[in-house]
Amino acid sequence: MWNALITELSKTLHCNLAISNKIQLSNSGDDLLYKLSDDKQSFFVKVASKDKLDNFEQERIGLNTLTKESTFYVADSLLVGQSNEFAYHVIEWLDLDDGSETDWYHFGVTLAELHKKHQQQMFGFDLDNYIGLTAQPNEWHKKWDTFFAEQRIGFQLQLLAEKHVHLVDIDRFVDLIKQILHTHHCQPSLLHGDLWRGNVGFCQHKPSVFDPACYYGDREADIAMTELFGKFHHDFYVGYQDTYPLPETYQERKHIYNLYHVLNHGNIFGNQYIEDAHMQVVKIQQQYGLD
């Protein structure tokens with residue numbers, strides 16, 4: 001695989017690469033991660049089973065979309081390909097750090113500026129993609145309540161049901177989510193879609209994002225996820241609020257938006273996340289009067 005990868009990468013970059021160092025990186029997921037280097041530059045390489053080729057193709061589209069539409073420092077997607085056994089994605093190597101308070105403030109400003117762009121009039125995306133390992137349907141909808149209830153919450157609940165995990169009557173719960181969101185009027189914003197601390201960093205003091213699950217949706221969904229697995233730095237939220245303040249009613253919806261990610265973790269990892277999802281479903285039912 002490596003010879004073919006280096007040959008294709010050389011063609012892409014219009015040079016003859018002579019890789020002098022290959023280091024396998026630690027990773028909590030299934031992909032194998034590597035840092036490849038020659039005497040001048042380094043590359044980040046993801047390797048997975050051949051059936052993950054489309055995951056890498058969609059990741060590339062997400063990175064390219066964020067490069068085009070935002071001012072984030074987004075690593076270039078250089079090559080997606082496959083060998084007889086493996087799929088791979090070669091990405092520009094960035095030296096990332098944790099950022100200063102000022103960097104985090106600028107991160108919030110940068111995300112807010114992306115979210116303020118409302119040229120798209122519908123919710124969804126041109127292609128279905130992935131949230132982690134899970135398929136993410138993105139069929140275009142005019143109504144946000146319908147899109148989120150059906151293609152986010154309903155879809156995840158159906159995946160669990162196919163694993164014989166039945167948390168709730170799916171149709172009734174989807175209808176409840178529609179009712180909750182029906183009076184919330186929002187404009188479509190391009191979302192990162194998987195915005196937790198592990199998918200962000202800073203390069204030369206510029207905010208960088210990676211591993212996107214892009215679609216056009218309510219900007220609050222991105223902000224909600226930044227609070228799910230440990231909040232971002234305080235200055236991030238200050239920068240965002242200074243640029244594009246959230247409505248006060250955001251607090252009423254963030255747990256509904258984050259249910260999507262908890263359900264997804266239940267589908268991927270099972271166990272505790274399924275219990276957490278069940279607790280959140282019950283809480284929402286009780287709060288809004290569905291027994």
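Residues are numbered from 1 along each chain as its sequence is written, and side-chain values use heavy atoms, with hydrogens and water left out. Because the model is predicted, local features need pLDDT of at least 70 and side-chain atom pairs count only at pLDDT 80 or more, whereas totals for chains, interfaces and linings use all residues.

Helices (H or I, at least four residues) and strands (E, at least two) are DSSP runs numbered from the N terminus. Five strands form an open sheet in the order β1-β2-β3-β5-β4, with antiparallel pairing; two strands pair if DSSP finds at least two bridges between them. The edges are taken by β1 (21-25) and β4, each with a single partner strand, so one side of each has no neighbour in the sheet. On average, neighbouring strands of this sheet are turned by 20 degrees against each other, direction ignored.

Strand β3 (residues 42-49) and β5 run antiparallel and are joined by 7 bridges. In this pair, A48 stands opposite A87 in β5. Helix α1 (residues 2-13) packs on the sheet and touches β1, β2 (32-37), β3, β4 and β5. The direction of α1 makes about 140 degrees with that of β4; axes are lines fitted to C-alpha atoms, for helices over the stretch in contact, and angles run from 0 to 180 degrees between N-to-C directions. Helix α2 (residues 53-69) also packs on the sheet, touching β3, β4 and β5, and its direction makes about 165 degrees with that of β4.

Strand β4 (residues 77-82) pairs with strand β5 (residues 86-92) in the antiparallel sense over 5 bridges. A hairpin through 3 residues joins β4 to β5, and Q82 stands opposite A87 in β5. Of the 6 residues of β4, 5 are buried, so the strand is largely enclosed by the rest of the structure. Here buried means under 20% relative accessible area, exposed means over 50%, and partly exposed lies in between (1.4 Å probe, protein chains only).

I23 is found in strand β1 and counts as partly exposed because its relative accessibility is 37%. Not counting residues up to four places away in sequence, I23 touches L33, Y34 and K35, where contact means heavy atoms within 4.5 Å. The C-alpha atoms of I23 and Y34 are separated by 5.5 Å, although these residues are 11 residues apart along the chain. Q58 lies in helix α2 and is buried, with a relative accessible area of 11%. With residues up to four places away in sequence again left out, Q58 touches L127, D128, N129 and Y130.

In soluble globular proteins, nonpolar side chains tend to be buried together. A nonpolar core is a set of buried Ala, Val, Leu, Ile, Met, Phe, Trp, Tyr and Cys residues joined through side-chain atoms within 4.5 Å. The largest such core has 64 residues, and those with the most contacts inside it are F107, W144, F148, I153, F173 and I177. A second, separate core of 13 residues includes L5, L9, F43 and L78. Leaving aside neighbours within four places in sequence, W144 is in contact with F123, L181, H184, C186, Y215, G217, D218 and Y257.

The axes of helix α5 (residues 170-182) and helix α8 (residues 250-269) come within 11 Å and cross at roughly 145 degrees. In this contact, F173, I177, I180 and L181 of α5 meet R253, I256, Y257 and L259 of α8. By class, the contact of α5 with α8 has 7 nonpolar, no polar and 1 charged residues; Ala, Val, Leu, Ile, Met, Phe, Trp, Tyr, Cys and Pro count as nonpolar, Asp, Glu, Lys and Arg as charged, and the others, Gly among them, as polar. In helix α7 (residues 234-243), D235, F236, Y237, G239 and Y240 are buried, and what covers the buried residues of α7 includes α3 (101-115) and α6 (219-225).

Positive phi angles were computed for H164 and D211, neither of them a glycine. H164, with a phi of about 65 degrees, lies in the loop between α4 (144-162) and α5 and counts as exposed because its relative accessibility is 69%. D211, with a phi of about 50 degrees, lies in the loop between β10 (206-209) and β11 (215-217). At 28% relative accessibility, D211 counts as partly exposed.
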